[in-house]
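Welcome! Please take a moment to look over the sequence and the 3D structure before reading on.

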Amino acid sequence: MRRGLMGRDEAELPVAAIEARLKRLRDAMAAAGFDAFVVYTNNVRPSAVTWLTGFTPYWSDALLLVGRTGAPAFATALSKRVSEWIRTTDPVSEIVNTPKPGSLIGERLKSGTSVRKVGVLEYDTLPAGLADDLAAAAPAVEWLDGTALFAGLRREIDSAERALLARADAIAVAALREAESGKASDAGTLAGLVEQHARLHGAEEAYIAVAPDLDADRRLNRTSQPTPLADRFAVRASIAYKGCWVRRTRTFAKDGSAAKADAWFEGVVQSIEPGKPLAAQLAEKLKALPGATLDSWMAESCIGSYPLSVVASSRMAANAATLNGELLMLTVELAIDGAPWTGIAPLFVGQKNS
Amino acid sequence: MIAGERLLRLVDAMKDEGLDALLVYGNAWQGDYLRYATDFGILEGQGLAVIRQDGRITLYVDSPLEADRAALDCPGVEVVLAPDLTGEVDAALNRMSNQRIGAAPQRLLPRRIAARAKDLNLTDQTAFVDHLLMAKLSGEIDAIRKAARLADEGYKVFMQAVRPGRADYELIAEAEAFFRANGVDDNFQIIGVGGVEVKGMAPPSGKRLKRGDMVTTELTPCVDGYYAQICRTLVVGEANAEQKAAHALWRESMEAGIATVRDGVTAADIAKAENDVFRKYGMGQYCTSEFTRVRGHGMGLFADSKPHILEDVTTRIETGMALIVHPNTYHPAVGYMVLGDGVAVEDDGCEVLTRTPRELFSVAV
């Protein structure tokens, strides 16, 4: 449940930027033959609606209807009293409060005389209750999956989103420095310090996970327990700022042995090239880190309703995929002379990352 | 421990219902059904779990980070990383032909799976799981009791963070740091800052506190997945006479509601007791949906559990339920005000779980 700073600032996310995104969607809809497009949101799957309107739900769920023209209709089960707050984050939509968002959007589609084909983002995973209400209210509509269409739009990151991502990343980087402060000797206290720092600096959401003894287990988990921190541990900060998510993981070693890999990784995220398989690039770059073996890698991006989804990894058949222009959160797990190291950092493929 | 007891109870109930298996869905918003069955507190992505009558559980999650977390948190559960969540679970259900499978909550199931309900012999069993979620085991009440203690402590931290010039989100940041260091994995919290212009609570928007502001909050930490809530209002500086008078009404209403709670009454009885106090003072219109959402609700594995305390909700209140009684609403002279205590229902009354004084707090400036 979101409980950090939520709000839209015209200087950070101008209405013109949102309208440009809506125009891109409408252009793509026209090309695909969609008369309208429906997007679902809740606080776990907020990102598509956030991108199209600026609004992220702290709770409950909703549907956004984007027609060929006019203001999008945002139908939410949140009460009417919350509308004023929704309006502070969404400057473009018609906000409609209704206990049955699916029925309301379905009625709107039914009343649109020329609406026949409707694209739905992630149609397979639309909640059944909403899908049933949509279908019952608009029985003549042909529902089509619009996931690939939307993912194509998200390859282009505009300047407003870049700036918000940069702010989220700055928060994550600074928050993780709490692990260097020596103020915490246990995982729960450290997680609290990292989260506190992030939220004090405006994070909308902060998921903090810790692997308290990296030599014993490299899996990271959220924690609120006084588990002692071993000589080598890792902390992950997944941070949202105004709806834009960044993930960072750092390895901390009391003997300073993580520094060499930290520097290597910094160079890696600056130099990933477009049009070349990520796996091959990582294997090549690893030669610059003596004694290191690559245990696994993973790339996440924001391509639909999830803040971050896996788009390629060493576990996936698609690991030979080439990438171009996308925002990625790159996870790398190494063993350096037998000792584990793990890191995550954001990058834009083929572009200087700062 | 409590997870094992819950699973035994669930499996027994499945047998009583004639179910061979149960399919539960969860995400970080509505995670209670999934948590009840698997004990996994999902954060990112979505999860589906199949519980069989012999107690075996398979948990499907679509995030690799969550698969790692689930394997650490739920050692007795088979965890499957399923990037194509609906496809994998659809295929798994296909392999369970000729079995009677229940689903909960049906309305949140992925459309693709729900659309094949007839083929898969899948029936909506949300109500049957809802009853398990509401009528709790003693171990579940113990967890809520611990969460209520931490809600009290967390509210102290929240109050200590209040001073003019601070932003609303900074107060929540301080409470979260306390919670992470003290066994609280998650917290639901909304806030209101200001005066008559404030019609409700929402996430923090960056508003800065000033003298005379009322600060309202619902603070809802969880322990072992169980949420307990406290609602309190404070004033930055000295409270004025209107604020004090309004708070006295809220307190009378909340205490009337709490005095009604016992085994055998309905949710409507509690709401009516609260609302009658407002009506007595000519404030009945502020008990309507224009100004308030609910007059309380259940507490448990979901921060806003059933039953909702409203005059049209006839759910029978039973020993073992946990509720928050909160007559939160708008007052035309002072703005939105909140006051609420968590309670555990007993045969002839209730145990009040939160212990923070029922005061309109003033924070010195």
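The sections below walk through domains, a sheet, a helix, a core and a pair of strands.

## Two domains in chain A

Keep in mind that this is a predicted model. Let us begin with the domains of chain A. The domain assignment divides the chain into domain 1, residues 15–153, and domain 2, residues 159–348. Taken over C-alpha atoms, the centres of these two domains of chain A are 32 Å apart.

Where they touch, domain 1 of chain A provides 14 residues and domain 2 of chain A provides nine. On the domain 1 side, the elements giving two or more residues are E1, helix H2 (47–53) and helix H6 (147–153) of chain A. That side of domain 1 is made up of seven nonpolar, five polar and two charged residues.

## An open sheet in chain A

Next, look for the sheet in chain A. Six strands form an open sheet with mixed pairing, in the order E4-E3-E2-E1-E5-E6. Strand E4 (94–97) and strand E6 (142–145) of chain A are at the edges with a single partner strand each, so one side of each has no neighbour in the sheet. From one strand to the next, the twist averages 25°.

You can follow one pairing in detail. Strand E3 (residues 73–76) of chain A and E4(A) are parallel and share four bridges. Here A:Ala75 has A:Val96 in E4(A) as its bridge partner.

## A helix with neighbours in both chains

Which residues of helix H5 (residues 128–137) of chain A are buried? They are A:Ala128, A:Leu130, A:Ala131, A:Asp133 and A:Leu134.

These buried residues of H5(A) pack against strand E1 (36–42), strand E2 (61–67) and helix H4 (101–111) of chain A, and also against helix H5 (111–114) of chain B.

## The largest nonpolar core

The largest nonpolar core has 234 residues, and those with the most contacts inside it are A:Ala168, A:Val194, A:Ile239, B:Ile144 and B:Ala147. Helix H8 (residues 138–160) of chain B gives the most to this core, with nine residues.

For a closer look, pick B:Ala147. Leaving aside residues up to four places away in sequence, B:Ala147 touches B:Pro221, B:Cys222, B:Val223, B:Tyr226, B:Tyr227 and B:Ala228.

## An enclosed strand in chain B

Our last stop is in chain B. Six of the eight residues of strand E7 (residues 187–194) of chain B are buried, so the rest of the structure largely encloses this strand.

E7(B) runs antiparallel to strand E8 (residues 214–223) of chain B, and eight bridges join the two. In one of these strand-to-strand links, B:Gly192 has B:Thr216 in E8(B) as its bridge partner.

Conventions
Residues numbered from 1 in each chain as written. Chains lettered and ligands numbered in written order. Predicted model: local features only at pLDDT ≥ 70, side-chain atom pairs only at ≥ 80, totals over all residues. Core = buried A, V, L, I, M, F, W, Y, C linked by C-beta atoms within 7 Å. Buried ≥ 20, exposed ≤ 12 C-beta atoms within 10 Å, placed from the backbone. Contact = placed C-beta atoms within 7 Å. Pairing = 2+ DSSP bridges. Domains from an automatic or database assignment. Nonpolar A, V, L, I, M, F, W, Y, C, P; charged D, E, K, R; others polar. Axes fitted to C-alpha atoms, helices over the stretch in contact; angles between N-to-C directions.
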